[in-house]
Amino acid sequence: MIVSLSNALAEAERTGTALAAVNVPFFEALLGTIDAAEATGVPVILQHAQVHEGVMPLDDVGPAMVALAQRSSGIFVLHIDHGDDLDYIERGLNLGFNSAMIDGSRLPFEENVARTREVVAMAKARGVDVEGEIGVMTGNENGDPSQGVADASLYTDPAQASDFVRRTGVSALAASFGTVHGLYNQAPSIDYDRIDALREAIGVPLVMHGGSGLTADEYRRCIAHGVRKINYYTYLAKAALEAARTSLADDRTTLFPMLAVAARGAVKTDVTAFVDILSGREGHA
Ligand SMILES: [Zn+2]
């Protein structure tokens, strides 16, 4: 079943929870994440990032994401993550995605506003929600470990964020307040006061990128301060790798499909634990 981003975020706001937004650029990640959504009954955002085109093209995985989400008993939003351009986002919407992020955060502010407005106009005409981003996060979605420290001078300015939301009409905003993409070189330092100020200033749900690697308490605190969508990928990819490695070490006669089965199971376990923390289901599972 597929629901809109704005409806799922409104429900998260009402219940004081956050949505898990999971990148699934390999098939076992997709299957394991759907397993987790079905097991928990909690809405999950399935997303594909443009930066993963080299690993898994949208044209290949997108139709599978849409078809599996439609037939599943789980509840999903289908989201383009970190779209760089209008054409890529439109390709996703043509495949059946119903939500998109345009990432103009590395552009000068006025260019970011202009590009984001263009995407919002295209998306709104199709009833699709758009997430924008301002403020710079270091690291990247492929887990480059050389940059895993946040730079406080690049955190999002609340007044500028408010201006950005008002002028672009985005439905959600990704901002920089202490997390980084990929693996952390040292423990992250979250600026909770910044989250409070952003939440008050922007008037739309706040999104955390670089959500892998925080402690459960840090997730809970961020959610208590108003974060409503948390992007997740690096640690599920690590969990899949570890399960495949163990499977391989245990049985030298194993064939590749058994590694895939192990990886799917590990993703299900890992994403279920993440969803449990974000939705407050811990102890109820
Ligand atoms: Zn991101």
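Predicted model: local features only at pLDDT ≥ 70, side-chain atom pairs only at ≥ 80, totals over all residues.
**View 1. Helix H10 and its length.** The expected span of a helix is 1.5 Å times one less than its number of residues. H10 has 24 residues, so at 1.5 Å a residue it should span 34 Å. Its end C-alpha atoms lie 34 Å apart, in agreement. Gly280 follows H10. The phi of Gly280 is positive, near 70 degrees.

**View 2. The largest nonpolar core.** This core holds 72 residues. Leu46, Phe177, Ile230 and Leu278 touch the most other members. Helix H10, residues 256–279, gives the most to the core, with seven residues.

**View 3. Surroundings of Ile230.** Residues up to four places away in sequence are not counted here. Ile230 touches Ala18, Leu19, Ala20 and Ala21, among others. Its contacts also include Met208, Gly211, Tyr219 and Ile223. Phe274 and Leu278 are touched by Ile230 as well.

**View 4. Helix H2 against helix H10.** The axes of H2 and H10 come within 7 Å. They cross at roughly 45 degrees, and the two helices are therefore oblique to each other. The crossing is right-handed. From H2, the contact is made by Glu28, Ala29, Leu31, Gly32, Thr33, Asp35, Ala36, Ala39 and Thr40. From H10 come Ala260, Ala263, Arg264, Val267, Lys268, Val271, Thr272, Val275 and Asp276.

**View 5. Helix H2 against helix H3.** H2 covers residues 27–40 and H3 residues 58–71. Their axes come within 11 Å and cross at roughly 15 degrees. Angles under 35 degrees count as roughly parallel, so H2 is roughly parallel to H3. H2 passes H3 in a right-handed crossing. Phe27, Leu30, Leu31 and Ile34 in H2 meet Val61, Ala64, Met65, Leu68 and Ala69 in H3. An α-helix has 3.6 residues a turn, so residues three or four places apart point the same way.

**View 6. Helix H5 against helix H6.** H5 spans residues 109–124, and H6 spans residues 158–168. The axes come within 9 Å and cross at roughly 35 degrees. This crossing of H5 and H6 is right-handed. H5 makes the contact through Phe109, Glu110, Asn112, Val113, Thr116, Arg117 and Val120.

Definitions and conventions. Residues numbered from 1 in each chain as written. Heavy atoms only, no water. Core = buried A, V, L, I, M, F, W, Y, C linked by side-chain atoms within 4.5 Å. Buried < 20%, exposed > 50% of the residue type's maximum accessible area, 1.4 Å probe, protein only. Helix = DSSP H or I, 4+ residues; strand = E, 2+ residues; numbered from the N terminus. Contact = heavy atoms within 4.5 Å. Axes fitted to C-alpha atoms, helices over the stretch in contact; angles between N-to-C directions. Parallel < 35°, antiparallel > 145°, perpendicular 65-115°, else oblique. Left-handed = near helix turned anticlockwise from the far one by under 90°.
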